[in-house]
Amino acid sequence: MPEELSKQYDPRETEEKWYKIWEDSNLFSAKIPSQKKPYCIVIPPPNVTGILHMGHALNNTIQDILIRYHRMKGFNSLWMPGTDHAGIATQNVVERSLAKEGLKRQDLGVDKFISKVWEWKERNGSTIIAQLKKLGASCDWSRTRFTMDAAYSESVAEAFIWLYKRKLIYQGYYIINWCPRCQTALSDEEASHVELQGSLYYLKYPLKDNPDKFISVATTRPETMLGDTAVAVNPKDIRYKEYVGKILILPLVNRQIKIIADSTVDTQFGTGAVKVTPAHDPNDYRMGKKHNLEFINVMSPDGKMNALAGKFSGLDRFKAREVVLEELRTIGLLEKIQEHKLSVGHCYRCHTIVEPYLSKQWFVKMRPLAKPAIKVVKNGKIKFYPQRWTKVYLNWMENIQDWCISRQIWWGHRIPVYYCKNCQSKNPDKGIIVSKTKPEKCPKCASTDISQEKDVLDTWFSSWLWPFATFYWPKENADLKYFYPTAALVTAPEIIFFWVARMIMSGLEFRKNIPFKDVYIHGTVRDIEGKKMSKSLGNVIDPLEVIAEYGTDALRFSLISITTQGQDVYLSKERFEQGRNFANKIWNASRFILMNLKPENINADLCVFFKNEKMDILNRWIISRFYSTLKKTDEDLAAYRFNEAANGLYSFFWHEFCDWYLELIKPQIGEKQTQLIMYKILEKYLRLIHPFMPFISEEIWQRLPGAKDSIMQQKWPHLQPDLISDDDEKQMQVAFDIINTVRNMRAEMEVGLNNRIEIKLTFSDRSREKIIAPLINYIKNLAKVETLKITEKYLPQENEFACVLKDMHIVMPLKGIVNVAEQIKKNQLKIDRLESEIKNKETMLANKNFLGRAPKEIIDTEKAKLKDMREQVTKLEVIKNGLR
């Protein structure tokens with residue numbers, strides 16, 4: 001006999017033990033060739049700098065549910081793991097480490113610094129992997145990839161060269177987002193905009209031929225005026241018609257600049273005249289190209305003004321702003337300053353305000369790549385869950401801009417471009433050699449004076465290849481052919497543009513096929529008040545602390561049960577008590593069953609037994625409810641409704657199996673039929689709950705009589721539609737409704753369970769009486785009823801409490817148990833008090849001053865209280881009317 005379950009479940013005794021057994025037994029590995037259908041998910045690779053947070057916990061629990069579920073469904077399930085080198089993030093971490101030693105990366109040089117990063121990666125890079133294992137992640141760790149490993153780097157170089165040959169990669173001077181702190185270019189998606197309270201500065205530029213006359217321009221960045229090369233007005237703006245073509249003197253610099261006409265100028269912004277700084281603003285850049293203006297970059301990469309800023313050279317950009325404004329004020333050319341809200345880009349890593357900056361960068365042409373990626377979503381080859389993200393995706397793709405892929409940092413994939421110094425000395429646009437390895441000599445002039453591009457590729461350039469580069473593309477191999485395209489992608493909304501859209505484009509470009517069929521976008525994990533979790537707010541809940549206190553299964557189940565599809569998750573630490581309590585419920589119920597089980601009674605096949613034996617209504621009901629739950633679970637998981645699947649499993653086990661079935665079978669628990677059914681339902685339920693709660697399900701599984709192998713290796717229960725009976729479910733529901741009603745009647749009349757009461761039932765439809773016949777003993781047992789009578793007609797009598805339940809009257813005689821007159825009096829006092837409170841609450845909520853001053857959440861709380869009081873009065877009126 002297997003060892004008996006202990007009185008209490010302790011996850012600390014089971015989780016590490018079972019994970020090691022699973023891993024040592026290679027139960028996570030997916031091998032080919034295989035006759036099974038593939039089911040593959042590639043993990044969104046966490047940054048190598050990462051540590052497990054609640055977002056990871058939610059994301060990876062969802063993936064693990066899908067992988068474990070499909071593995072049990074008979075698929076060859078592969079969850080492909082790996083980590084991302086996270087260029088800027090990792091470089092910043094190592095730089096901070098060096099700073100503690102009083103060093104900068106420049107002190108080491110590129111090669112030594114890169115060696116330091118690799119040392120850091122080998123020391124700390126596996127932290128997130130170990131933490132994912134604590135979460136129960138059933139990844140095939142033997143396949144773990146890293147975006148900077150040698151084979152993956154070859155995939156990255158191949159993709160660059162492929163696109164370059166297709167003329168989809170080009171180099172040029174453009175306005176890009178520049179982070180002065182990280183000193184690198186950023187894509188638009190990496191420079192998210194934040195609304196700030198700023199200022200609009202009105203500057204006066206004198207006319208050359210009449211210095212007493214001015215054109216006023218409004219700007220939010222007065223320091224960039226030092227790089228102005230024009231002032232623009234709208235050609236339809238009659239205020240400035242006579243000034244178009246005239247020359248202005250740029251203050252502080254004394255440069256002559258022309259007034260030009262351009263239809264893109266907004267006549268409603270500021271004065272209707274705008275300064276044009278082609279090297280420091282994307283709109284001005286386009287205007288500068290159109291009107292052939294001079295491009296003057298007045299800022300250095302570190303955000304300080306350069307030599308072209310004249311006497312302001314060396315000042316930080318924001319200090320320069322102050323000095324420029326002060327000098328303009330002194331000479332009377334600062335007209336006014338207005339408060340102004342503006343949307344400002346920030347570096348996604350260090351949160352520094354980015355600078356629109358003219359710089360030579362490498363770009364990918366995105367529109368040709370976007371076209372087929374739009375088509376596969378529109379025709380349903382790729383589906384988003386929830387569906388509303390389809391519109392978000394399409395809107396971005398249909399307005400896509402070229403992607404700046406070069407970064408001025410040291411940690412990352414060096415761009416596979418080499419320059420011939422000899423060729424470039426004759427023509428700077430020539431002498432470019434694209435190659436995976438450094439050529440010995442220039443193919444054009446045979447010069448050996450060749451150097452590699454110093455810039456590295458955007459981290460996302462390697463990440464967009466993840467679904468197939470993890471299988472060693474461009475090599476054609478069995479794994480790639482078998483597992484690609486993958487089945488599903490589970491990710492967060494903030495990387496739809498960074499990653500999801502780009503993976504779809506790269507899959508179609510390099511593999512001529514979609515990378516995945518389904519995209520499930522889960523919400524953001526927030527605190528209970530709806531605030532995003534952050535260290536600065538002090539509202540972070542550490543999943544590892546939750547695991548230590550409540551167990552992994554409690555963490556997983558609690559998270560999933562409150563994650564409505566597509567909605568943000570509002571979390572407090574107390575939420576995990578639900579998962580812990582549920583684990584304890586499963587443990588205690590399993591212990592009860594196994595303690596009462598006779599192994600010789602459980603060897604029959606359930607379906608055969610069901611067909612051959614006459615089964616009582618209770619056992620037929622629980623079998624029907626199990627298969628109804630199984631059917632709903634399959635439907636929910638297929639539609640990515642994880643919380644509905646979890647809550648359905650919770651409700652079945654806690655309320656139907658434990659609260660009803662196990663309580664009702666106690667008088668007959670030794671009968672063979674009941675023994676078989678309670679065991680079979682437990683055994684099958686453990687398989688159902690396994691993807692959600694892998695550890696406790698495995699621990700109990702191993703204690704079942706005759707248990708073989710891991711629960712991971714068991715088949716998902718087969719749906720048996722013939723064993724689902726709506727009639728049986730409805731019939732038992734009548735019993736439950738009566739039991740609950742009697743329990744409520746006892747509570748309202750304060751009649752304790754020690755009082756074995758009498759209950760009378762009267763049906764409006766006499767034919768329904770036969771439904772009750774096989775249920776009478778169950779009702780008497782759980783409702784603690786001494787006598788249950790079915791009467792032909794309901795006739796109100798004194799000293800009784802009557803309730804109407806659908807088509808029946810339920811009557812509880814009170815003589816000798818309750819003083820009815822006293823009860824009616826108490827009831828009326830409660831009604832009077834509540835009606836007085838309702839009046840006061842209604843007056844308060846009709847008060848315009850209160851509604852105008854009180855926060856919305858306070859008003860909503862007061863409305864909820866009013867609703868609750870009204871419901872209490874209705875309930876008390878029903879009780880009053882039922883008393884005689």
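This is a predicted model: local features need pLDDT of at least 70, side-chain atom pairs count only at pLDDT 80 or more; totals for chains, interfaces and linings use all residues.
Which residue of β23 is the bridge partner of L489?

1. Residues are numbered from 1 along each chain as its sequence is written, and side-chain values use heavy atoms, with hydrogens and water left out.

2. The protein chain has 30 helices and 29 strands, where helices (H or I, at least four residues) and strands (E, at least two) are DSSP runs numbered from the N terminus. Taken along the principal axes, the C-alpha atoms of the chain fill a box of roughly 110 × 75 × 55 Å. Of the 884 residues in the protein chain, 54% are buried; buried means under 20% relative accessible area, exposed over 50%, and partly exposed in between, with a 1.4 Å probe and protein chains only.

3. Among the contacts in the protein chain with a separation of 6 or more, 77% are accounted for by residues 24 or more positions apart, a contact being heavy atoms within 4.5 Å. The accessible surface of the protein chain comes to about 41,100 Å², and 49% of this surface belongs to carbon and sulfur atoms; the areas come from the Shrake-Rupley method with a 1.4 Å probe, and for residues only the protein chains shown count as cover.

4. The largest nonpolar core has 203 residues, and those with the most contacts inside it are F461, M505 and F692. Such a core is a set of buried Ala, Val, Leu, Ile, Met, Phe, Trp, Tyr and Cys residues joined through side-chain atoms within 4.5 Å. Helix α22 (residues 642–664) gives the most to this core, with 14 residues. Leaving aside neighbours within four places in sequence, F461 is in contact with V156, A159, F160, L163, V364, W403 and I405. There is also a second, separate core of 36 residues, which includes I176, L207, M225 and L334.

5. An open sheet of four strands, with antiparallel pairing, has the order β6-β5-β14-β16; two strands pair if DSSP finds at least two bridges between them. At its edges stand β6 (184–186) and β16 (403–404), and because each has a single partner strand, one side of each is left without a neighbour in the sheet. Strand β5 (residues 169–179) and β6 run antiparallel and are joined by three bridges, with L186 in β6 as the bridge partner of N177.

6. Four bridges join β9 in parallel to strand β11 (residues 255–261), where K258 is the bridge partner of A230. Another pairing, antiparallel and also of four bridges, joins β9 to strand β12 (residues 273–276), and there the bridge partner of A230 is V276.

7. Strand β23 (residues 516–521) is largely enclosed by the rest of the structure, because five of its six residues are buried. Strand β15 (residues 383–385) pairs with β23 in the parallel sense over three bridges, and F384 has V519 as its bridge partner in β23. Strand β22 (residues 486–491) pairs with β23 in the parallel sense over five bridges. The opening question is answered here: in β23, the bridge partner of L489 is V519.

8. K121 has its place in helix α5 (residues 110–124) and is buried, with a relative accessible area of 17%; leaving aside neighbours within four places in sequence, K121 is in contact with V48, S126 and F146. D634 is found in helix α21 (residues 617–638) and counts as buried at 17% relative accessibility; not counting residues up to four places away in sequence, D634 touches Y69, K73 and W716.

9. Finally, V818 is found in the loop between β29 (808–813) and α28 (820–846), and V818 counts as buried at 14% relative accessibility. Leaving aside neighbours within four places in sequence, V818 is in contact with M749, V751 and Q823. The C-alpha atoms of V818 and L571, which are 247 residues apart along the chain, are separated by 45 Å.
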